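Student: I have a model open and I'd like to learn how to read it feature by feature. Could you walk me through it?

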Amino acid sequence: MRKNFRVIKELVRLRFQNLMMFRLGFFGPFFVDGSLFLVQLLVFDAVYANVDEIGGWQRGEMILYIGTFSLLNAVNMVVYFFGVGGIPDKIKSGEMDLYLTKPVSPLLRLSLESINPGSLPLVVMSLIIIAYGAGSAGVRWNPKLFAGYLFWVLLMLVLYYDLEVLIRSLSFFVVSTAKMQKLEEACISLSMQLPGTVYYGIYKLIFCFLLPYGIMATLPVKYLAGECTLPAALYGIGITVLFSALTALVWKTGIRHYNSVSS
Amino acid sequence: MNNQIMNEMIIETKNLTKVYRRFVKKEGLRGSIEGLFKREYEQKEAVSGIDFNVREGEFIGLIGPNGAGKTTLIKMLTGIIAPTSGEISVMGYYPNNMKRGFKMQYAVVMGQKSQLFMELTVNDTLRLFKEIYEIPQEEYIRTRAFFTELFDVKELMEVQVRTLSLGERMKMEIIVALLHNPRVLFLDEPTIGLDAIAANQIRRFLKEVNQKKKTTIVLTSHYMEDIRTLCGRTVVINHGKKIYDGGTEEMFARYHDVERIYKEAEQDA
């Protein structure tokens with residue numbers, strides 16, 4: 001664990017050094033991601049301005065939901081999105097060879113070698129939205145509530161990571177996962193606008209179980225709103241454990257299945 | 001004691017085979033449509049029943065034409081890919097189990113794949129490898145100094161890798177690979193694309209590493225000069241099969257040139 005921490009620290013340091021070699025590349029994303037976030041907020045504002053309740057949630061909870069989803073997305077972008085996103089290319093090009101021969105988890109190294117500080121403003125903006133949403137929803141913060149919310153956010157980040165790695169690990173078995181990634185994008189953009197509370201029937205099966213993007217921001221907000229029942233909590237924990245196990249299985253099988261490419 | 005170590009078998013394979021399955025598509029649109037519903041595959045035996053042993057401290061060459069199976073063999077020895085059948089042991093490990101203890105003891109340099117961070121300096125890459133291989137600070141400084149002096153690259157350590165020449169970059173790849181003092185170094189075409197001077201330098205350094213550090217080196221190359229200069233023993237592979245395994249000088253004395261090695265050695269085998 002300590003050894004991994006030292007490797008992670010070095011990877012982060014190298015990534016920062018790498019980004020700082022290009023001044024525009026380093027400062028550019030701060031402005032680009034910040035602008036994208038503002039556009040997103042305007043869209044949300046236009047959609048939800050006249051809506052008082054969606055899936056039983058008032059405006060305050062909806063703002064919390066938007067803030068929480070944005071936070072999950074922003075942390076994902078800062079920490080592992082670009083690293084995990086590069087996995088299919090590394091497999092296709094045979095670059096994976098060099099990761100497999102080093103005495104450090106290839107997935108850990110791949111996930112954390114492309115951190116993106118350019119998305120940090122999104123994290124800050126998401127926190128502001130959450131604070132505003134909590135105020136609107138009448139949430140009274142206390143250490144227990146804060147710790148619980150943090151727990152759910154971290155757990156859902158694990159689920160988010162699992163889903164990203166799972167989809168990209170399919171590159172070990174198929175020529176291209178581009179269509180799967182398109183489906184992932186569509187699910188994420190839909191889930192950014194609709195909380196899991198609106199899904200029923202087949203849609204609930206799809207968005208809360210098969211592709212559980214629907215629960216990712218929903219459970220932390222349910223917890224804050226005092227609506228997180230024991231079965232819902234157990235479901236959230238259970239599905240994360242299930243997807244973590246599935247992702248580990250697919251990744252490990254993929255590594256065994258890996259045939260590299262001819263030189 | 002030294003002789004004992006030198007005699008220890010460090011790599012052993014028995015009847016090692018790797019078979020790839022590849023999709024065969026018939027020509028044209030009709031072939032593509034047929035392929036959607038009924039796929040035909042063919043088996044390609046990249047490595048076929050190879051018995052191969054290396055003693056600790058040996059400098060061994062693997063030669064063969066393109067597609068002979070050299071790189072596939074290296075990839076099996078380093079655990080990157082799993083063999084289809086046969087036995088394989090490298091330093092007592094089954095490579096594809098990818099045990100950390102195994103990975104700590106070898107290094108691989110692939111002539112066509114770089115492990116350097118192109119936008120940063122070699123020192124930056126070395127720092128990451130120091131952490132990955134848990135090299136104590138003092139040992140790190142000592143080893144880095146040894147290799148930068150040996151390879152005569154002291155003034156290049158703080159230069160952006162992207163600006164280095166191909167020959168300089170290959171020296172750096174080898175330094176990075178040797179930083180943790182591996183017992184076995186696998187080199188896959190390390191002199192590919194290098195000019196004669198750079199290739200000669202690399203050869204000289206590799207010879208010194210083998211002699212001074214007693215590192216076992218397995219080298220694949222297309223260049224006979226690499227093999228002739230460096231390897232006491234050579235294994236020739238063609239069509240996935242081992243067709244010669246013996247002294248390098250003896251091989252050249254017997255077959256004279258590369259074409260005859262591939263053609264006549266196959267007949268002899």
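Tutor: Let's begin with salt bridges: the rule asks for a side-chain nitrogen of Lys or Arg within 4 Å of a carboxyl oxygen of Asp or Glu. In this structure, B:Arg162 and B:Glu119 make such a pair, with their closest N and O atoms 2.4 Å apart. Bear in mind that this is a predicted model, where local features need pLDDT of at least 70 and side-chain atom pairs count only at pLDDT 80 or more, while totals for chains, interfaces and linings use all residues. Residues are numbered from 1 along each chain as its sequence is written, chains are lettered from A and ligands numbered from 1 in the order in which they are written, and side-chain values use heavy atoms, with hydrogens and water left out.

Student: Why does the pair B:Arg162 and B:Glu119 tie together parts that are apart in sequence?

Tutor: For that you need the elements: helices (H or I, at least four residues) and strands (E, at least two) are DSSP runs, numbered from the N terminus. B:Arg162 sits in the loop between α6 (137–150) and α7 (166–178) of chain B, and B:Glu119 in the loop between β5 (106–110) and α5 (122–132) of chain B, so the pair links parts 43 residues apart in sequence. Elsewhere, salt bridges with shared partners connect B:Lys26, B:Arg30, B:Glu34 and B:Glu40 in one network.

Student: Is B:Glu119 buried or exposed?

Tutor: Buried means under 20% relative accessible area, exposed over 50%, and partly exposed in between (1.4 Å probe, protein chains only). B:Glu119 counts as buried because its relative accessible area is 14%, whereas B:Arg162 is partly exposed at 48%.

Student: Which salt bridge does A:Arg13 form?

Tutor: The side chain of A:Arg13 meets that of A:Glu10, at 3.5 Å from N to O. Both lie in helix α1 of chain A, three residues apart, which is about one turn of the helix. A:Glu10 is buried because its relative accessibility is 3%; A:Arg13, at 35%, is partly exposed. Compare A:Arg109 and A:Glu113, whose salt bridge has an N to O distance of 4.0 Å; both of those residues are buried. Over all chains, the rule gives 21 salt bridges.

Student: How do I put a size on an interface?

Tutor: It is often given as the accessible area lost when the parts come together. Here, buried area is that loss (1.4 Å probe), summed over both parts. Between chain A and chain B, about 2900 Å² is buried, and carbon and sulfur atoms give 60% of that. On the chain A side, A:Leu98, A:Thr101 and A:Pro103 lose the most area to chain B, together 21% of what that side buries.

Student: And how many residues of chain A are in contact with chain B?

Tutor: Counting contact as heavy atoms within 4.5 Å, 29 residues of chain A touch 33 residues of chain B. The interface holds three salt bridges. A:Arg6 and B:Glu131 form a salt bridge too, with their closest N and O atoms 2.9 Å apart. As for where chain A touches chain B, α1 (2–20), α6 (96–100) and α14 of chain A each give two or more residues, and α1(A) gives the most, with nine.

Student: What pattern does chain A follow along the sequence?

Tutor: Read it as α-α-α-α-α-α-α-α-α-α-α-α-α-α: there are 14 helices and zero strands. Of the 263 residues in chain A, 51% are buried. Take contacts between residues at least 6 apart in sequence: 79% of them in chain A join residues at least 24 apart.

Student: Where is A:Gly196 placed, and what is it in contact with?

Tutor: A:Gly196 is in the loop between α10 (178–193) and α11 of chain A. A:Gly196 counts as buried because its relative accessibility is 10%. Beyond its neighbours within four places in sequence, A:Gly196 contacts A:Tyr65, A:Cys208, A:Gly214 and A:Thr218. Its C-alpha atom is 8.2 Å from that of A:Tyr213, 17 residues away along the chain.

Student: Last one: which residues form the nonpolar patch on the surface?

Tutor: They are A:Ile202, A:Tyr203, A:Leu205, A:Phe209, A:Leu210, A:Tyr235 and A:Leu242, with about 690 Å² of accessible area together. Accessible areas come from the Shrake-Rupley method with a 1.4 Å probe, and for residues only the protein chains shown count as cover. Patch members have over 30% relative accessible area and no salt bridge; like charges are joined within 9 Å, nonpolar side chains (Val, Leu, Ile, Met, Phe, Trp, Tyr) within 5 Å. α11(A) gives the most to this patch, with five residues. A:Tyr235 lies in helix α14 of chain A and is partly exposed, at 34% relative accessibility.

Technical notes: Buried area is the accessible area (1.4 Å probe) that two parts lose on being put together, summed over both.
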